[in-house]
Amino acid sequence: MNNNNNSESNIFLIAGLGNPGRQYRHNRHNIGFLLVDKFSSEMGEGPPRLQLKALTTKVIYQGRRLILAKPQTYMNLSGQSIGSLVNFYHLPLTNLLIVYDDIDLPWGKLRLRPEGGSGGHRGIKSIIEHVGSQKFLRLRIGISRPPGRMEPADYVLQDFSKVELGDLEIIFQTAIEACLSIVTEGIEYAMNQYNSASNDDC
């Protein structure tokens with residue numbers, strides 16, 4: 001697996017995680033997919049195409065080539081597609097950004113990290129296994145904790161409420177800005193701009 005962080009590449013892979021299929025489309029667990037859909041509709045060059053078990057869209061931004069991806073495996077097998085795309089494009093892992101949901105962050109809060117463990121997220125666990133490293137970029141989007149005694153596994157597979165769906169427009173605009181900031185300015189700059197100071201312990 002190509003994890004040489006010292007190599008140079010003009011290609012950046014931004015992948016949102018989720019589950020394929022209409023029944024999952026508006027689930028909380030699919031916030032990564034929904035972000036990529038918004039990103040693609042605003043900046044994508046043509047319709048998505050199936051590539052290495054993912055729907056991919058190409059974007060050119062300030063001379064950089066971005067590949068937006070939605071793995072078409074189920075969430076816990078996301079690494080199959082991501083690993084293949086990393087190898088195909090010969091990407092250093094510093095050019096891999098994964099966008100996904102996080103129940104430990106308040107609703108709509110963004111948290112950027114340069115690396116780390118899976119935190120119990122099966123999609124991230126699969127990616128770590130397939131790329132052979134924890135050193136890839138992440139953008140977590142908070143979906144908050146489940147109410148009452150609801151199991152997290154049930155909560156993340158529920159659809160967003162109408163109020164939450166209305167909030168996503170603003171959340172996604174900020175998230176897209178954060179992604180582009182990483183591409184152009186680097187992860188440290190983006191973290192300083194977009195990580196909420198009130199959530200430094202997350």
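**Notebook: a first look around**

I started with Arg140, which counts as buried because its relative accessibility is 8%. Buried here means under 20% relative accessible area, exposed means over 50% and partly exposed is in between, using a 1.4 Å probe and protein chains only. A note to myself: this is a predicted model, so local features need pLDDT of at least 70 and side-chain atom pairs count only at pLDDT 80 or more, while totals for chains, interfaces and linings use all residues. Residues are numbered from 1 along each chain as its sequence is written, and side-chain values use heavy atoms, with hydrogens and water left out.

**Entry: Arg140 and its partner**

I placed Arg140 in strand β7, residues 137-142. Strands (E, at least two residues) and helices (H or I, at least four) are DSSP runs numbered from the N terminus. Which side chain does Arg140 join in a polar contact? I found that of Asp102, at 2.5 Å. Such a contact is a pair of N or O atoms within 3.5 Å; within protein, one must be able to donate a hydrogen and the other to accept it, and residues adjacent in sequence count only if both atoms are side-chain atoms.

**Entry: the largest pocket**

Next I looked at the largest pocket, and its volume came out at about 620 Å³. Its lining has 25 residues, and those nearest the centre are His29, Asp101, Gly120, His121 and Arg122. By type, the lining splits into ten nonpolar, eight polar and seven charged residues.

For the terms, a pocket is an open set of points on a 1 Å grid over the protein atoms alone, where a 1.4 Å probe fits, with protein on both sides within 12 Å along at least five of seven lines; lining residues have an atom within 4 Å of a point. Points are joined across faces, edges and corners, and the volume is the space filled by probe spheres set on them. Ala, Val, Leu, Ile, Met, Phe, Trp, Tyr, Cys and Pro are nonpolar, Asp, Glu, Lys and Arg charged, and the others, Gly among them, polar.

**Entry: the cores**

The largest nonpolar core holds 34 residues, and Ile14, Phe39 and Leu97 touch the most other members. Helix α5 (residues 162-185) contributes the most to this core, with ten residues. A core is a set of buried Ala, Val, Leu, Ile, Met, Phe, Trp, Tyr and Cys residues joined through side-chain atoms within 4.5 Å.

Contact means heavy atoms within 4.5 Å. Apart from this core there is another, of 22 residues, including Val86, Leu93, Ile98 and Val131.

**Entry: Val183**

Val183 sits in helix α5. Is Val183 buried or exposed? I found Val183 buried, with a relative accessible area of 9%. Beyond its neighbours within four places in sequence, Val183 is in contact with Phe12, Ile14, Arg64 and Leu66. Leu13 is 170 residues away along the chain, yet its C-alpha atom and that of Val183 are separated by 9.8 Å.

**Entry: helix α3**

In helix α3 (residues 122-131) I listed the buried residues: Gly123, Ile124, Ser126, Ile127, Ile128 and Val131. Their cover includes α2 (78-88), β5 and β7. Just after α3, Gly132 has a positive phi of about 75°.

**Entry: Asn19 in its loop**

I found Asn19 in the loop between β1 (11-16) and α1 (31-43). Asn19 is buried, at 7% relative accessible area. Where does its side chain reach? The side chain of Asn19 reaches the backbone nitrogen of Met75, at 2.8 Å. Not counting residues up to four places away in sequence, Asn19 touches Tyr24, His29, Asn30, Phe33, Tyr74, Met75 and Leu157.

**Entry: two loops with positive phi**

Lys53 lies in the loop between β2 (49-51) and β3 (54-61). Its phi is near 65°, a positive value in a residue other than glycine. Gln62, in the loop between β3 and β4 (64-71), also goes in my list, with a positive phi near 50°. Gln62 counts as exposed because its relative accessibility is 56%.

**Entry: Lys58**

To finish, I looked up Lys58 in strand β3. Lys58 is partly exposed, with a relative accessible area of 31%. Among the residues Lys58 touches, not counting those up to four places away in sequence, are Met43, Glu45, Arg65 and Tyr89.
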